[in-house]
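Me: Can you go through this one with me? I want to start with the pocket.

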Amino acid sequence: MKQAQTMSLPTVITESAALAAFCARLESEAFITVDTEFMREKTYFPQLCLVQIAGSNEAAAIDPLASDLDLTPLYTLLANEHVLKVFHACRQDIEIFYHHAGKVPSPIYDTQIAAMVCGYGESAGYESLVNKILHRSVDKSSRFTDWSKRPLTEKQLTYAMDDVLHLREIYAALQKRLTETGRAHWINEEMQPLLDPKTYDMDPNDAWRKIRLRQNSPRYLAMAQAAARWRELTARERNVPRGRVMKDETLAEVAHTKPEDFVGLQAIRGFYPTMSATHYESLFAMLKEAETLPSSEWPRIPAKPAMPEGSEAIVDLLRLLLKACAAKHHVVPRLIADKDDLELLAIGTRENIHALTGWRYEIFGEHALRLLSGNVAIKADGKNGITFIDL
């Protein structure tokens, strides 16, 4: 299997004038490919270590750790509405740019989502696309190197630049296929959540929702919310990973036992202090405040709608329909509808169902509603999977 054709000497930009000139040249491009290398194992906020960008005729690695490098031209380019920014699995990259520049890059295109729409599987990993579309292999030996260490080796830079060079060709191939199948507008719909700043702003009051908790009583959830908010704020202030402040399992136990002081906190199995005792005083204060709130202000997890007798069979029928529609259109099923969508459809709900919007409605939602209303039946077809019969 052939390797990628890469630059023998990757261009690294460490000076502001060179960055400004490079970005100015790319302002006339229809699209650019973008990737980053970052470290976040020891910090709350990712440490941006390298930004790789490729246009149609040139590519460069931008070193944000270079002293006195003004990144303003980079952020201006990323905000240029006339230049499409192409990423692969872009959520973390965009999160970094958003927190550094205060603005989400726009417009954007995620080749991972495009690949899922084109039928390349659920994960649609970058290496897999390089293999399947470009028939090349990826040298993964530099993936977990220390990107914050300077100087970067030529091997590291070549690995990093290959990402955006491959991405130019992958984007072209995917976009060609989407245009031929009339699905280019599907990608525009999928990019909207990624363009919303709320996607990258973690509200400390909502941090508890990402933790596997022991129970769902409102009182317990109020304690969990307070403990998770304290951990989130502390991790941000100290710029350390959440787990370095307190493990999820410990946090869940804190919500259960509601310690009032450091002695009570130390009694919790699995608790290992990472700060002095005084740093936990704000935790105890938040727990006490949460417990004294009116019960009407305690958080609640909405109960799932009851599934009437016989509805499970309807869910199974919808799941069969989903698989058939996904196979027919070469789209990953979970990109069209999830279990919650199917269950809501089965019990008669029609509001706020993702599968009934946009292109999902075109290829699945409309058929699902016709099936549920008794206006159509499905028939097994050995050649085409299933066919629809109007009733």
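Me: Which elements each supply at least two residues of the lining of the largest pocket?
Reply: E2, helix H3 (91-101), helix H5 (126-134) and helix H6 (154-180) each do. Helices (H or I, at least four residues) and strands (E, at least two) are DSSP runs, numbered from the N terminus. This is a predicted model, where local features need pLDDT of at least 70, side-chain atom pairs count only at pLDDT 80 or more, and totals for chains, interfaces and linings use all residues. Residues are numbered from 1 along each chain as its sequence is written, and side-chain values use heavy atoms, leaving out hydrogens and water.

Me: Where does the largest share of the lining come from?
Reply: From E2, with five residues.

Me: And which residues lie nearest the pocket centre?
Reply: Thr36, Glu37, Phe38, Arg143 and Tyr159, out of 22 lining residues.

Me: OK, now Asp35. Which strand is that in?
Reply: Asp35 sits in strand E2, residues 31-39.

Me: Is Asp35 buried or exposed?
Reply: Buried, meaning under 20% relative accessible area with a 1.4 Å probe, protein chains only. Asp35 has no salt bridge (a side-chain nitrogen of Lys or Arg within 4 Å of a carboxyl oxygen of Asp or Glu). The nearest side chain of opposite charge, Arg143, is 9.7 Å away.

Me: What does Asp35 touch, then?
Reply: Leu50, Val51, Gln52, Asp93, Asp163 and Val164, not counting residues up to four places away in sequence. Contact means heavy atoms within 4.5 Å.

Me: Overall, how many helices and strands?
Reply: The protein has 16 helices and eight strands, and 44% of its 391 residues count as buried.

Technical notes:
Buried means under 20% relative accessible area, exposed over 50%, partly exposed in between (1.4 Å probe, protein chains only). Lys and Arg count as positive and Asp and Glu as negative; His and the chain ends are not counted. On a 1 Å grid over the protein atoms alone, a cavity is a set of points where a 1.4 Å probe fits but cannot get out, and a pocket is an open set with protein on both sides within 12 Å along at least five of seven lines; lining residues have an atom within 4 Å of a point.
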